[in-house]
Amino acid sequence: MAKKGERGRCVTGVEGLDNILGGGIPTSSIVLVAGACGTGKTSLGLEFLVRGVMAGEPGLLITTVEGPDKLLSNVPRFILSGSDLDEAAIKKLVAALAKQIAAHRIKRLVIDTIDTVLTEIKDDALDALLLGELSEVLFKNECTALLVSSSEKCERIEGRVADGIVMMGNLERKGDLLRTMQVVKMKGTSHSRSKYVVDLTDAGVLVTPLLKGGL
Ligand SMILES: Nc1ncnc2c1ncn2[C@@H]1O[C@H](COP(=O)(O)OP(=O)(O)O)[C@@H](O)[C@H]1O
Ligand SMILES: [Mg+2]
């Protein structure tokens, strides 16, 4: 846990990732988890939440794809709306999210995926508004967020308000398709930018260095 005045870390609980980051994600960051289908984004998000709960840090999952209706019953319905999101709608949805985060002392937020929201925001300035407002809410509540994306549209937010970018990918090696993870950017900490291998196991998400030999 962080001392007052020093930027703490959100220890993800995914050991390999915490090692890459020198102890975890700087608290209150918005981290984009980007990559193609099947690369393990959802698994990473869920593990992040589960490890948080195990460490006494409540989590909130906003999912557009998976999960029981119950998960959605307490969160704003914005993702399910069909219309374009304008400035007022964005402010409303962030306010609704802020209410949940504060009320439940949420320390870890996962939005899986952010693509639906981004599709409904037609204006880049509004992307910035959404992420800027979200960033403020996270900071106030010492909450760390993973925003999952499988869309190339996520490039729209990459260089902007995202504090961190974790790229998930596939790598073919000797006829096998390995899952990989690469921390491309993480404000507030030094980190390796190497590619790591991701194994999805019953014991969780394992992140190990990619053995360079035999490629
Ligand atoms: N514990 C596990 N062991 C082996 N494979 C798993 C495990 N958990 C998930 N998978 C597989 O990994 C695949 C990709 O995981 P997922 O996290 O859903 O990727 P993404 O969200 O990037 O599409 C899934 O299709 C699933 O079958
Ligand atoms: Mg997924």
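**Helix α2**

I began with helix α2, whose 14 residues are residues 41-54. Helices here are DSSP runs of H or I with at least four residues, strands are runs of E with at least two, and both are numbered from the N terminus. The expected span of a helix is 1.5 Å times one less than its number of residues. For α2 this should come to 20 Å, and the end C-alpha atoms are 20 Å apart, which agrees.

A note to keep in mind: this is a predicted model, where local features need pLDDT of at least 70, side-chain atom pairs count only at pLDDT 80 or more, and totals for chains, interfaces and linings use all residues. Residues are numbered from 1 along each chain as its sequence is written, while chains are lettered from A and ligands numbered from 1 in the order in which they are written.

Which residues of α2 are buried? I found K41, T42, L44, G45, F48, L49, R51 and G52. (Buried takes 20 or more other C-beta atoms within 10 Å of a residue's own, exposed 12 or fewer, partly exposed in between; C-beta atoms are placed from the backbone.) Their cover includes β3 (30-35), β4 (59-63) and β5 (108-112). After α2 comes G56, with a positive phi near 85 degrees.

**The sheet**

I then traced an open sheet of eight strands, in the order β4-β5-β6-β3-β7-β8-β9-β10, with mixed pairing. (Two strands pair if DSSP finds at least two bridges between them.) At the edges are β4 and β10, each pairing on one side only. β4 and β5 run parallel and are joined by five bridges. T63 has D112 in β5 as its bridge partner.

**Ligand 1**

What surrounds ligand 1? I listed G35, C37, G38, T39, G40, K41, T42, S43, L200, T201 and D202. (Near means a C-beta atom, placed from the backbone, within 6 Å.) α2 gives the most to this shell, three residues, and β9 (195-201) supplies at least two.

**C143**

Last, I looked up C143, in the loop between α6 (124-141) and β6. Is C143 buried or exposed? It counts as buried because it has 27 C-beta neighbours inside 10 Å. L109 lies 34 residues away in sequence, yet the two C-alpha atoms are 7.0 Å apart. Leaving out residues up to four places away in sequence, C143 touches S28, I101, I106, K107, R108, L109 and L138. (Contact means C-beta atoms, placed from the backbone, within 7 Å.)

Methods
Two residues are in contact if their C-beta atoms, placed from the backbone, lie within 7 Å.
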